[in-house]
Amino acid sequence: MTALKKVFLKGNEAIALAAINAGCHYYFGYPITPQNEIPEYMAKHLPEVGGEFLQAESEIASINMMLGAAATGVRVMTSSSGPGISLMQEGFSYIAGNELPGVVVNMSRQGPGLGGINATQGDYFQAVKGGGHGDYHLIVLAPHTGQELYDLTIKAFELSEKYRCLTMLLGDAVLGQIKEPINPWKPEISAGDPDREWLITGAKGRQPRLIKSLFLADGEMEKHNWRLQEKYQQLAANDVMVETCFIEDAHLVLTAFGSMARIAKTAIDQAREEGMKVGLIRPISLYPFPTATFKNLPESVSRVLTCEMNTGQMVEDVRLSIDNSLPVDFYGRPGGSVPTPEEIFDRLQQAYAEVE
Amino acid sequence: MKQVVKRPTSLTDKPFHFCPGCHHGIVHRLVAEALDFFNLREKTIGVASVGCSVFLYDYFAVDVIEAPHGRASAVATGTKRVLKDQIVFTYQGDGDLAAIGTAEIIHAANRGENITVIFVNNSIYGMTGGQMAPTTMLGQSSTTTPYGRDYHRDGYPIKMTEMLAALEGPSLVARVAVDKPANVKKARKIIRQAFQMQVEDKGFSFVEVLSACPTNWGMTPQKATKRVSDEMIPYFPLGVLKQKDVVDVL
């Protein structure tokens with residue numbers, strides 16, 4: 001990797017810069033708040049690197065343009081927010097069935113419906129449980145700082161190519177709009193294996209190739225579906241990302257992702273200052289979910305508190321991971337207003353009192 | 001004996017699965033002949049749509065990407081933007097292009113994407129079993145218009161070629177039919193021209209092909225072919241509606 005000069009950027013711009021530095025030279029998208037800085041940055045800077053920005057007529061067209069570009073093996077990205085992501089779900093399902101790589105950003109907004117543009121985590125289910133039709137998953141990464149938005153964008157391209165699986169960066173208005181110093185860097189990008197046997201490039205000197213998700217012959221569809229599942233299992237075995245703080249001696253563990261985790265960190269610091277033995281688990285990959293971290297909590301932990309900016313979505317994965325071995329409490333806000341560290345601290349203190 | 005006609009090399013050896021009297025086989029052949037003419041087989045990417053045409057990947061000896069229903073021209077846009085030196089074409093039916101994919105085709109055309117679109121209009125949904133298409137004729141019965149298409153309820157058969165010809169973006173917009181040998185010859189010429197536009201970087205080319213679906217029309221192949229001549233052509237007139245020799249912007 002090569003370190004580059006420090007910059008001061010909005011979260012959305014950090015993603016766009018990271019994508020370009022990761023070798024993503026094709027972007028297809030459609031405007032929607034609160035992620036418009038991504039297409040705007042791409043429109044300005046992609047031509048400088050010989051790349052191409054195209055504003056599509058809809059999110060449906062964007063994701064399908066991405067599908068067509070991804071089939072050629074280049075790094076390609078799109079971005080949107082809640083309602084636009086809903087429109088893209090058809091394409092996500094086809095990209096999963098076609099086993100193509102690609103990166104999509106969801107700077108989600110509160111909903112359902114047109115909703116509002118403020119921060120929320122209401123798209124958790126849609127992101128990690130498939131969303132579109134069929135039995136498939138996306139890789140879902142949840143950054144919580146500007147620097148992490150940058151770093152995980154690069155990681156998203158790498159994982160996406162490694163598994164030929166669409167990777168989603170899941171953020172919200174807080175992360176997209178906050179301006180922070182970023183240390184950019186350029187990863188080593190392999191020229192790409194020329195023998196990638198699925199690339200669609202025109203059948204020069206070889207047999208024609210086919211990118212498809214339709215399998216009608218007896219047994220073919222089941223075989224294809226099992227192969228996809230095997231890929232998801234490999235992901236879960238090798239590429240789970242999670243951050244833990246102070247869990248070694250904790251009596252209570254708080255868990256949160258994305259901007260909520262950032263707020264929770266302040267509350268945890270305050271609690272530790274006051275002598276409370278509390279820790280934090282921050283899932284970075286929401287799919288694959290860090291199940292083992294919850295399953296193998298230290299014996300000192302007797303309770304878990306899940307905090308989310310929704311009415312209880314990740315809490316289901318936490319409960320499944322813990323499998324009734326510990327009680328799991330939930331504190332949630334449905335989006336539209338961001339909880340303060342004090343509010344989280346109060347809820348933490350209340351749960352802690354029940355533990356002690 | 002001198003061989004005057006052979007199977008185009010852009011087609012595989014696999015026999016077509018299409019119903020007896022279906023015109024897809026003719027249109028496939030005309031497209032393959034155009035690819036052969038410009039020696040494009042090894043530099044062409046086909047985008048298959050949803051419907052009877054999805055199986056073109058079995059018949060064309062080129063790289064193929066399968067697109068979601070109606071989205072073929074958006075998929076082709078993405079592919080062509082990366083592979084500017086390759087030839088990218090879509091092959092879409094009327095349900096695909098004129099119903100669910102209307103937005104995608106209009107905007108690809110309006111952008112003047114340097115792709116070729118073959119639009120097979122048989123005025124019905126074939127693969128799903130004969131439901132009404134946007135191009136179904138007034139009075140035509142289908143499984144979802146059992147009493148005939150009524151414009152009060154269903155609107156009029158949509159004229160995609162006329163709609164696209166009204167846009168500034170496209171370079172070639174034409175309608176042909178494959179109901180009789182003379183029309184097949186004209187169709188061959190125009191389909192070849194459509195690929196030539198792309199070869200010469202002249203932008204978006206679109207050919208609507210009027211064709212028959214004897215199975216879902218409930219007709220013999222002969223009667224179905226005659227219906228194309230007698231009923232479809234008068235409403236969907238043949239000809240080149242728009243052709244640019246020089247493209248303004250690419």
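Student: How much area is buried between chain B and chain A?

Tutor: About 2,600 Å² is buried between chain B and chain A, and carbon and sulfur atoms give 60% of that; buried area here is the accessible area, taken with a 1.4 Å probe, that two parts lose on being put together, summed over both. This is a predicted model, in which local features need pLDDT of at least 70 and side-chain atom pairs count only at pLDDT 80 or more, while totals for chains, interfaces and linings use all residues. Residues are numbered from 1 along each chain as its sequence is written, chains are lettered from A in the order in which they are written, and side-chain values use heavy atoms, with hydrogens and water left out.

Student: How many residues does each chain bring to the contact?

Tutor: Chain B gives 34 residues and chain A gives 35 residues, where contact means heavy atoms within 4.5 Å.

Student: And how many salt bridges are there between chain B and chain A?

Tutor: There are five, a salt bridge being a side-chain nitrogen of Lys or Arg within 4 Å of a carboxyl oxygen of Asp or Glu. E57(A) forms a salt bridge with R111(B), and their closest N and O atoms are 2.9 Å apart.

Student: New topic: in what order do the strands of the open sheet in chain A come?

Tutor: The seven strands follow the order β4-β3-β5-β6-β8-β7-β15, with mixed pairing; strands are DSSP runs of E with at least two residues, helices are runs of H or I with at least four, and two strands pair if DSSP finds at least two bridges between them.

Student: Why is one side of β4 and of β15 in chain A left without a neighbour?

Tutor: β4 (52-55) and β15 (285-287) of chain A stand at the edges and each has a single partner strand, so one side of each has no neighbour in the sheet.

Student: How do β6 and β8 of chain A pair?

Tutor: Strand β6 (residues 102-108) and strand β8 (residues 166-172) of chain A pair in the parallel sense over seven bridges, and V103(A) stands opposite T167(A) in β8(A).

Student: Is I85(A) buried or exposed?

Tutor: I85(A), which is found in helix α4 (residues 82-98) of chain A, counts as buried because its relative accessibility is 0%; buried means under 20% relative accessible area, exposed over 50%, and partly exposed in between, for protein chains only.

Student: Which residues is I85(A) in contact with?

Tutor: Leaving aside neighbours within four places in sequence, the contacts of I85(A) include F92(A), V104(A), V105(A) and M168(A).

Definitions and conventions:
Buried means under 20% relative accessible area, exposed over 50%, partly exposed in between (1.4 Å probe, protein chains only).
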